[in-house]
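Welcome! Please open the structure in your viewer and keep the selection tool handy.

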Amino acid sequence: MKIKISELIGKIDEKNRHYFLIGALLFVFFLDYFILMRPQLVTLTKINPEIKMLSRDIEKAREDIQKLNFYQSEVKRLESLLAETSQKVKSREEVSIILEQISRMANQNNVKIDQLMPFIEDQKVLLDDNKRSYYALPILVQARSGYHDLGRFLNQLEKSGLFLHVTSFSIIAGEDARAHALKMNLQAIVFEEKGQ
């Protein structure tokens with residue numbers, strides 16, 4: 001006994017036929033929503049935060065790729081700066097070389113050194129890593145010179161290949177304008193290799 005849907009719809013009167021079609025469409029819609037669409041929507045709502053996070057990551061990666069040339073040039077610049085600075089920082093074994101260079105610069109600028117003394121016991125640890133320890137080594141300089149000679153000496157110290165700076169200095173005027181008493185504290189940065 002086969003019943004055709006068209007015969008069944010044909011038996012329904014004209015007014016109820018519209019309600020039947022609307023009901024059938026609603027049934028198909030709800031059936032589609034709850035069986036097919038709802039699980040997909042639930043999955044999409046779970047994936048949506050991950051999609052947003054991945055989109056942000058992709059955008060950040062695009063920005064970083066655009067900045068890659070800048071980063072590479074900055075790395076080269078910093079590596080050359082590090083190499084230049086590393087040449088200025090001497091090891092603790094080279095303290096005598098630092099003192100010799102200070103003495104030589106003083107002689108070149110007519111600064112007569114009376115005392116040049118490092119205070120190894122007063123050095124402070126600046127940085128301690130796995131390979132090296134860096135120290136600030138105080139050096140006392142007592143000398144005699146004129147103002148212009150002192151200025152040239154300090155200028156040459158600043159431009160030298162040594163990593164030092166003046167922490168304090170005092171000048172006491174002498175009877176001779178070319179021989180003022182000078183007391184200056186320098187600070188040299190030195191390193192010590194680990195395992196030595």
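The tour visits ring pairs and then a helix.

This is a predicted model, in which local features need pLDDT of at least 70, side-chain atom pairs count only at pLDDT 80 or more, and totals for chains, interfaces and linings use all residues. Residues are numbered from 1 along each chain as its sequence is written, and side-chain values use heavy atoms, with hydrogens and water left out.

**Ring pairs**

The whole structure holds two aromatic pairs (rings of Phe, Tyr and Trp, the last by its six-membered ring, with centres within 6.5 Å; planes under 30 degrees apart are stacked, over 60 edge-to-face, the rest tilted). Select Phe-29 and Phe-30: their ring centres are 5.7 Å apart and their planes meet at 65°, so this pair is edge-to-face. Phe-29 is partly exposed at 49% relative accessible area, and Phe-30 is partly exposed at 44% (buried is under 20%, exposed over 50%, partly exposed in between, with a 1.4 Å probe and protein chains only).

Next, select Phe-70 and Tyr-71. Their ring centres lie 6.0 Å apart with planes at 55°, so the pair is tilted. Phe-70 is exposed at 51%, while Tyr-71 is partly exposed at 37%.

**Helix α4**

Now select residues 95–108, helix α4 (helices are DSSP runs of H or I, at least four residues, and strands of E, at least two, numbered from the N terminus). Which residues of α4 are buried? They are Val-95, Ile-98, Leu-99, Ile-102, Met-105 and Ala-106.

Finally, click Asn-110, which follows α4 and has a positive phi, near 60°.

Methods. Expected span 1.5 Å × (residues − 1).
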